[in-house]
Amino acid sequence: MLGAPGAGKGTQGSRLASRAGIAHISTGDLFRDAVKIESPAGQRAEAYLKTGQLVPDQVVLQLVEEYLADLEGSDICLDGFPRTYQQAVALDKVLSRFGLSIAVVLHLYVEDNIALERLVDRGRADDTIQTARYRMDVYHATTEPLIKYYNEIGLLSQIDGSGDPDDVESRVWDVVKMALN
Ligand code: AMP
């Protein structure tokens with residue numbers, strides 16, 4: 001699931017996962033938990049989360065791989081990962097190792113001003129207006145190019161992420177249902 005900060009990836013990712021009966025991996029959640037328990041990954045990631053920068057690829061990949069190994073090849077909804085081209089390339093390799101492949105890439109899109117409003121209303125530690133704007137810039141510069149990449153290989157579906165979360169959930173489900181059939 002791709003989308004700007006505030007596009008609704010977390011909400012829709014967890015709704016989709018429970019509806020489809022699959023696991024939901026949010027790398028943001030994994031890092032926030034790791035920071036809380038002060039694990040080695042958490043200690044490496046903390047400053048990046050605070051300032052809204054991307055955690056270095058190697059740290060992210062290690063965490064994701066550990067998680068995928070635990071899931072032993074069951075279906076998953078990835079939310080907030082991959083976020084860089086290197087992560088996307090690494091993901092393909094890791095998935096094939098577990099006998100998995102990408103069924104669909106959902107791009108949840110909303111206008112920047114709506115996304116920023118949602119972030120500031122949510123009020124997470126990294127949701128101050130400055131950090132939120134910075135994360136939006138990082139998204140446009142580094143993660144948005146993945147939309148083109150996945151479109152070119154025929155995996156992308158565009159989902160309007162604005163409006164009522166129940167309506168967004170239906171749009172997501174319509175696309176995923178088709179992709180899984
Ligand atoms: P999120 O909850 O998806 O908004 O992520 C919160 C923060 O976690 C981001 O601002 C990054 O610092 C870090 N993060 C989450 N996922 C990734 C990723 N795939 N690559 C690099 N950093 C990430």
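Predicted model: local features only at pLDDT ≥ 70, side-chain atom pairs only at ≥ 80, totals over all residues.

Q: OK, which strands form the open sheet, and in what order?
A: There are 3 strands in it, in the order β1-β4-β5, and the pairing is parallel.

Q: Why is one side of β1 and of β5 left without a neighbour in the sheet?
A: β1 (2–3) and β5 (156–160) stand at the edges and have a single partner strand each, so one side of each has no neighbour there.

Q: And how many bridges join β1 to β4?
A: 2 bridges, with β4 covering residues 105–109 and running parallel to β1. Within that pairing, Gly3 sits opposite Leu108 of β4.

Q: Which helix packs on the sheet?
A: That's α9, residues 165–180. Helix α9 touches β4 and β5, and its direction makes about 160° with that of β5.

Q: What about β2 and β3, in what sense do they pair?
A: Parallel, over 4 bridges, with β2 spanning residues 23–26. Opposite Ser26 you'll find Asp79 of β3.

Q: Which way do the side chains of β3 point?
A: β3 is residues 76–79, with Ile76 and Leu78 pointing one way and Cys77 and Asp79 the other. All of them are buried, Asp79 included. As a rule, side chains in a regular strand alternate between the two faces of the sheet.

Q: Which residue has a positive phi although it is not a glycine?
A: Glu38, with phi about 55°. Glu38 is in the loop that links α2 (27–36) and α3 (40–51).

Q: Is Glu38 buried or exposed?
A: Exposed, since its relative accessible area is 58% and the cut-off for exposed is over 50%.

Q: Now helix packing. At what angle do α1 and α9 pack?
A: About 55°, and their axes are 10 Å apart; α1 is residues 9–20. That angle makes α1 and α9 oblique to each other, and their crossing is right-handed.

Q: Who makes that contact?
A: From α1 you have Gln12, Arg15, Leu16, Arg19 and Ala20. On the α9 side, the contact residues include Val168, Val172, Trp173 and Val176, along with Asp166 and Glu169. Sorted by class, the contact of α1 with α9 has 7 nonpolar, 1 polar and 4 charged residues.

Q: How are α2 and α4 packed?
A: Their angle is about 95° and the axes are 11 Å apart, with α4 being residues 57–71. So α2 is roughly perpendicular to α4. Thr27, Leu30 and Phe31 of α2 meet Val59, Val60, Leu63, Val64 and Tyr67 of α4. By class, that contact of α2 with α4 has 7 nonpolar, 1 polar and no charged residues.

Q: And α5 with α8, how far apart are the axes?
A: 10 Å, at an angle of about 40°, where α8 covers residues 145–152. Tyr85, Ala88, Leu91 and Asp92 of α5 make the contact with Leu146, Tyr149 and Tyr150 of α8. The class count for α5 with α8 is 6 nonpolar, no polar and 1 charged.

Q: Is Arg135 buried or exposed?
A: Buried, because its relative accessibility is 10% and buried means under 20%.

Q: What is Arg135 in contact with?
A: Setting aside neighbours within four places in sequence, Arg135 is in contact with Pro5, Gly52, Leu119, Arg122, Arg124, Asp126 and Asp127.

Q: And Val35, which helix is it in?
A: Helix α2. Val35 counts as partly exposed, at 21% relative accessibility. Leaving out neighbours within four places in sequence, Val35 is in contact with Gly42 and Glu46. The C-alpha atoms of Val35 and Ala45 are 7.2 Å apart, and these two are 10 residues apart along the chain.

Q: Last one: where does Lys177 lie?
A: In α9, and Lys177 is partly exposed with a relative accessible area of 39%.

Definitions and conventions:
Residues numbered from 1 in each chain as written. Heavy atoms only, no water. Buried < 20%, exposed > 50% of the residue type's maximum accessible area, 1.4 Å probe, protein only. Pairing = 2+ DSSP bridges. Contact = heavy atoms within 4.5 Å. Axes fitted to C-alpha atoms, helices over the stretch in contact; angles between N-to-C directions. Parallel < 35°, antiparallel > 145°, perpendicular 65-115°, else oblique. Left-handed = near helix turned anticlockwise from the far one by under 90°. Nonpolar A, V, L, I, M, F, W, Y, C, P; charged D, E, K, R; others polar.
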